Amino acid sequence: MISARLGLYGSLLVAAVPLALTIAVGLLSLLPADSALHVPGYVVTLLGKYLAYALLALSVDLVWGYVGILSLGHGAFFALGGYAMGMYLMRQIGTRGVYGDPVLPDFMVFLNWQELPWYWYGFDHFAFAALMIVLVPGALAFVFGYLAFRSRVSGVYLSIITQALTFALMLAFFRNDMGFGGNNGLTDFKDLLGANLQAGSTKAGLLIATGAFLSFFFLVCRHLTQSRFGKVLIAIRDAESRTRFLGYRVERYKLLVFTFSAMMAGIGGALYVPQIGIINPSEFEPANSIEAVIWVAVGGRGTLVGSMVGAVIVNFAKTVLTGTFPEIWLFVLGGLFIFVTLFMPRGIVGLFTGLRTWRSQPAKVRKQLTGRALEAGE
Amino acid sequence: MNAAPVATIGGTPESMQPLLYLDGISVSFDGFKALNGLSLVLDPGEMRAVIGPNGAGKTTMMDVITGKTRPDSGKAMFREADLTQLDEAEIAALGIGRKFQKPTVFEMHSVFDNLLLALKADRRPSRVLFASTRAIERERADGILEMVRLTGMRGRMAGELSHGQKQWLEIGILLAQEPELLLVDEPAAGMTDAETEQTTELLRRINETRSVIVVEHDMTFVRALAVKVTVLHEGSVLAEGSLEHVSNDPRVIEVYLGR
Ligand SMILES: Nc1ncnc2c1ncn2[C@@H]1O[C@H](COP(=O)(O)OP(=O)(O)O)[C@@H](O)[C@H]1O
Ligand SMILES: [Mg+2]
């Protein structure tokens, strides 16, 4: 794998990039607006969004690139983490809401609710919300994965039910009586841990936090995939029954990684929401999860670095294109996916690092390398 | 059964408890009987060759023994363990290793890593997560590499190996598990004559310490093994005994050798 070829120092260098970049951009954004080096606030927000997506992409690459689980539902874990953060932010609003209710968020007052639903309890504490940000996506992934992997659902079937999962959640969150703000979702946030979300310093801080989390999880994933454990994952991806007959409980490995990956995605969502300022059910849209898979494919599946690069580049392209020609974006995305699948099976990262190694491989291995690029499972 | 007395490597007295005991195993796929009352007894230390035309049920028999396929009826015991109640991982842990008909190795891992992953060890994720490669493991993997003649390919990706070398690597993978019984499905398929001969040699060496069931089509190969032969046909045992004995059996000649 490419990140294996990066070596320890290479990986540390890669890991340093998001952190260093966000610190630099964050600090520059705090310069006076008339300074030549000043970075405007919208750039900070955009970069923060891209990097939160990069964390989602990393989580997708971990399960798809290394275990062969093509999850088309990771957007749901991202959104759940986002909602958990959103609930905390809602409760921080306090009496500053339109209706001024000290406990109930505006939408509940609007719905004439008299008291806070039980599942909103605790979200006024950041520590509790932080726990839920990982526990809720993690628990859902665990239950879902337990059922799916135990019955050995894999390949296309698994992909389809992950789509169904995120679709079902979207429908549920659209309902007003679920108590998550219906189709408007959660918004009008004021502050986080006492810091005003509109303040430049808070935005810079959130950006740096996102960079730090991304760097951290890149290193964790790298370590995980390079270890003996990671070798078992790749073994499962490439020859599941061989691994099983060696005595490995494949379903347990899958469950563990799937759950961990969902937690990562949840953290991505939690970092995304305060920077964007809103979370609504559209985050559960099945297309979002598919997009995340495309980022990984474009960047280079099974490389970790590629997933992050892909997320940033594709989303940058999306920002540019939807600004100028919003109606063509989906076609561009679809075309990109087909192009990458056919002509760049190792993605962008593969173009750079793979070329030399690639040429030195016998034709047979080359074919395996390419053939593996988009297989869902075995 | 109709077993004629033959010399088997590590031949055992009648009173000895069999290592593997299959009795009246039936498996059907959508009404088609892939195995039909199959019975087979393997003694500890024995090597057995299983032959039979395509579709006779040889691979399905291995599927039953390794827990991949549950029989509709019949008994499958490995010593005291009821194989029909266990799953693949549990059966592997009992000491049964399996080579697939289509050679299956971890192509994106180095040859050495293939063996490392197969070495007998705690397979629980929590243990594997914090496992580091110990010197003794390296030694054992290297020992196996030598045995399967792949020392020179140690650092290469398994995907780069030739077909024959993959077969050997997979046998090496089995050995790394330290199984008591090896099930080897068509090891000589696609091999050159020289490779086939080396494979015979390898299986003989393995059989010095382990029991083996080898499924094979290649009669020269089976002849060279010189062990007791079980002939399968349409899911049950047609004949059993030395190759000499079964190849003179008129029913065997009719369904298999005669064609
Ligand atoms: N999973 C399966 N589903 C349906 N039919 C199967 C399955 N596995 C094997 N069979 C059938 O069972 C018969 C025995 O197959 P197999 O055990 O592979 O034969 P052999 O290994 O002796 O060539 C064949 O006719 C095959 O088509
Ligand atoms: Mg077969």
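# Surface patch and A–B interface

In chain A, the residues A:Leu8, A:Tyr9, A:Leu12 and A:Leu219 make up a nonpolar surface patch, whose accessible area comes to about 420 Å² together. The model described here is predicted.

**Nonpolar patch on chain A**

- The most is given to the nonpolar patch by helix α1 (residues 2–29) of chain A, which supplies 3 residues.

**Extent and make-up of the interface**

- On the side of chain B, 39 residues take part in the contact, while chain A contributes 31 residues.

**Polar and charged pairing across the interface**

- The rule finds 11 residue pairs in polar contact across the interface of chain B and chain A, with both residues at pLDDT 80 or more.
- At least two residues each are supplied to the side of chain B that touches chain A by α2 (88–94), β6 (96–99), α3 (111–118), α4 (125–129) and α6 (163–176) of chain B.
- Sorted by class, that side of chain B holds 17 nonpolar, 8 polar and 14 charged residues.
- Side chains of opposite charge can pair when their charged atoms come close.
- Across this interface the rule finds 6 salt bridges.
- B:Asp87 and A:Arg249 form a salt bridge in which the closest N and O atoms are 2.8 Å apart.
- B:Glu137 forms a salt bridge with A:Arg228, where the closest N and O atoms are 3.0 Å apart.
- This latter pair crosses between chains, running from helix α5 (residues 135–147) of chain B, which holds B:Glu137, to helix α8 (residues 228–238) of chain A, which holds A:Arg228.

Note on methods
Residues numbered from 1 in each chain as written. Chains lettered and ligands numbered in written order. Predicted model: local features only at pLDDT ≥ 70, side-chain atom pairs only at ≥ 80, totals over all residues. Heavy atoms only, no water. Contact = heavy atoms within 4.5 Å. Salt bridge = Lys/Arg side-chain N within 4 Å of Asp/Glu carboxyl O. Polar contact = N/O pair within 3.5 Å; in protein donor to acceptor, adjacent residues only side chain to side chain. Helix = DSSP H or I, 4+ residues; strand = E, 2+ residues; numbered from the N terminus. Nonpolar A, V, L, I, M, F, W, Y, C, P; charged D, E, K, R; others polar. Patch = residues over 30% accessible without salt bridge, like charges linked within 9 Å, V, L, I, M, F, W, Y side chains within 5 Å. Areas by Shrake-Rupley, 256 points an atom, 1.4 Å probe, with all protein chains shown as cover.
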